[in-house]
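The entries follow the order of my reading.

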Amino acid sequence: MTTARFRNKWCLLLLLTLPMAAPAQQPAPAAAVAADQAFRAFAARTTQPGVRTHAFDPAHTRFGFELRTRWGQRVQGRFPVYDGTVLFLPDGRRQVRIRLAAGSIDVAGSERYAAIARSDAFFDAEHHPDIEFVSDPHDDMLTRRGGLLQGVLRMHGVSRPETFMVAPAMCERAGQDCDAFASGSVDRSEYGIAGMRLVLSDRVRFTMQVRLLDHAP
């Protein structure tokens, strides 16, 4: 057996045998209140006059995540169950809310690895079934030229402001006539996800490929 193959098998063995997670950290009260306000504000906008709501097209929408081992190997997963809404606001801005089902996580087609990701070592799907993101209202130019998409991420019982990078559009109406892409990395320790720190890095990279189900004018 080559050294590389031996090392890969040893890494996977550690993933299955190391202790699980440390208790989740609790967000500061002010941060939690601000996060709750962001989600409530989004819900309120959905009922305002002139606001158009559009869901994601499941045929073209994908949500995934990626971690790296301390030796550089990638551990990739996806969230096959999700829902979300994009608001088209009367002033021309847009706002997006995404909800990912932690209990649906798939990791490389392996139920064993998926069970670890769902466990309290990571996303703790039993106690925190949803991972949610609500963006700040943003100008349509962001979806065309790309740039920073800011908002609030709620994961593992913790809410924090996060920023994702939107890729430049490949067509005039990204997310409508072609897919829109965004990605961003977060520190899982800041959300109380501290399992297997000896094997896996702290950074979790989320990826998004989105297209709307109903085309907007």
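**Entry 1: helix α3**

I looked up helix α3 (residues 111-118) and found Ala114, Ile116 and Ala117 buried, that is, under 20% relative accessible area with a 1.4 Å probe and protein chains only, where exposed is over 50% and partly exposed lies in between. These residues lie on the same side of α3 because they cover an arc of only 155 degrees around the axis, taken from the directions from the helix axis to the C-beta atoms. On the other side of α3, I noted Glu111 and Arg112 as exposed.

**Entry 2: basis of the model**

I noted that the model is predicted, with pLDDT of at least 70 needed for local features and 80 or more for side-chain atom pairs, while totals for chains, interfaces and linings use all residues. Residues are numbered from 1 along each chain as its sequence is written, and side-chain values use heavy atoms, without hydrogens and water.

**Entry 3: strands**

I counted four helices and eleven strands in the protein; these are DSSP runs numbered from the N terminus, helices being H or I of at least four residues and strands E of at least two. Strands β7 (residues 130-135) and β8 (residues 147-155) run antiparallel and are joined by four bridges; pairing requires at least two DSSP bridges. Ser135 stands opposite Gly151 in β8.

I then followed β8 to strand β9 (residues 158-166), with which β8 pairs in the antiparallel sense over nine bridges. Leu153 has Arg160 in β9 as its bridge partner. Two residues separate β8 and β9 in a hairpin, and His156 in the turn has a positive phi of about 60 degrees.

**Entry 4: whole protein**

I recorded that 45% of the 217 residues count as buried.
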